[in-house]
Amino acid sequence: MLDSIEHIGPLASFAAAALFAGFILLRAVWLTTDGLRNAWRATPVAVAGGLIAAGAALSYVHNQSGEPLGWLFGSEAVDFGVSEYGIVAALVGIAGISLVLACRLAGLARLFFLLCTIGAFVIAGEEMSWGQWIFHWTTPEALAAVNLQNETNLHNLVDPRIYDVVYAAVGWATLMLSMIAYGFIQRPSSQSDFILLKLLRDAGTWLRDSRYGLILTIGAAVLLQHELFEEYAEFVFGFAALLFFLHLHKPAEQPIAKDMAYA
């Protein structure tokens, strides 16, 4: 009975998040297409949404069929695959962009992006077991005895089910912040804004103007709700975050024309 309840929780959270995201997306499509009078404008979102859904379907099959697509999504026993390397690449990109922004800015903004640099670098290192994927050294005996995947990292020392709760919370926070940024924060950011307010305003601009930012962000937030999609959700979330950091890196003095919207 307890096991069934534990499975109902993530499923209910996934369904609720999907419904919430659906309302955000429908509103965005309505506004983007001028009330569906220019329905063709929704094509990029429809294509991206279809690709995200196809990846989610493959992730579901992978996790429900003995993990035959380990080369794509990794597995409980082997922590690498296309999605894993994609996450690492996104994190390395975010770390590099954050370092550039930290050098460009001052005060709290500099501190924030320095922390982002360190955080992204550490998470990337953990994801690739600090180079063990590449150089294939033997995991130290003491660490191998307690590491769930017999790798040189710390994040596999704890029950992976703990991450289910963390991921679900991150997903819901992402959905809420996306709704606020997209729908209620219309004023562009300025250099005088407090860093967190500036980020929220920049996020609103990015989510409204980007072709794929909104669908990637809320899609990842929904996928984070269930363990069947965790590795794939990390990949989608990391890619969305990388696009946002690229937007932050874009010089303000070089605006992009409306007919040349960025990704």
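I take helices (H or I, at least four residues) as DSSP runs, numbered from the N terminus. The model is predicted, so I note that local features need pLDDT of at least 70, side-chain atom pairs count only at pLDDT 80 or more, and totals for chains, interfaces and linings use all residues. Residues are numbered from 1 along each chain as its sequence is written, and side-chain values use heavy atoms, with hydrogens and water left out.

**S83**

I looked up S83 and found it in helix α4 (residues 82-104). Is S83 buried or exposed? S83 counts as buried because its relative accessibility is 4%; the cut-off for buried is under 20% relative accessible area, with a 1.4 Å probe and protein chains only. I then listed its contacts (heavy atoms within 4.5 Å). Beyond neighbours within four places in sequence, S83 meets L72, F73, E231 and F235.

I followed F113: leaving out residues up to four places away in sequence, its partners include I195, L199, F245 and L248.

**α5 and α9**

I looked at helix α5 (residues 107-127) against helix α9 (residues 195-209). Their axes (lines fitted to C-alpha atoms over the stretch in contact, angles from 0 to 180 degrees between N-to-C directions) lie 9 Å apart at about 70°. The pair is therefore roughly perpendicular, a class spanning 65 to 115 degrees. From α5, L108, A109, F112 and F113 meet I195, L196 and L199 of α9. The contact residues divide into seven nonpolar, no polar and no charged.

Methods:
Helices (H or I, at least four residues) and strands (E, at least two) are DSSP runs, numbered from the N terminus. Buried means under 20% relative accessible area, exposed over 50%, partly exposed in between (1.4 Å probe, protein chains only). Angles under 35 degrees count as roughly parallel, over 145 as roughly antiparallel, 65 to 115 as roughly perpendicular and the rest as oblique. Ala, Val, Leu, Ile, Met, Phe, Trp, Tyr, Cys and Pro count as nonpolar, Asp, Glu, Lys and Arg as charged, and the others, Gly among them, as polar.
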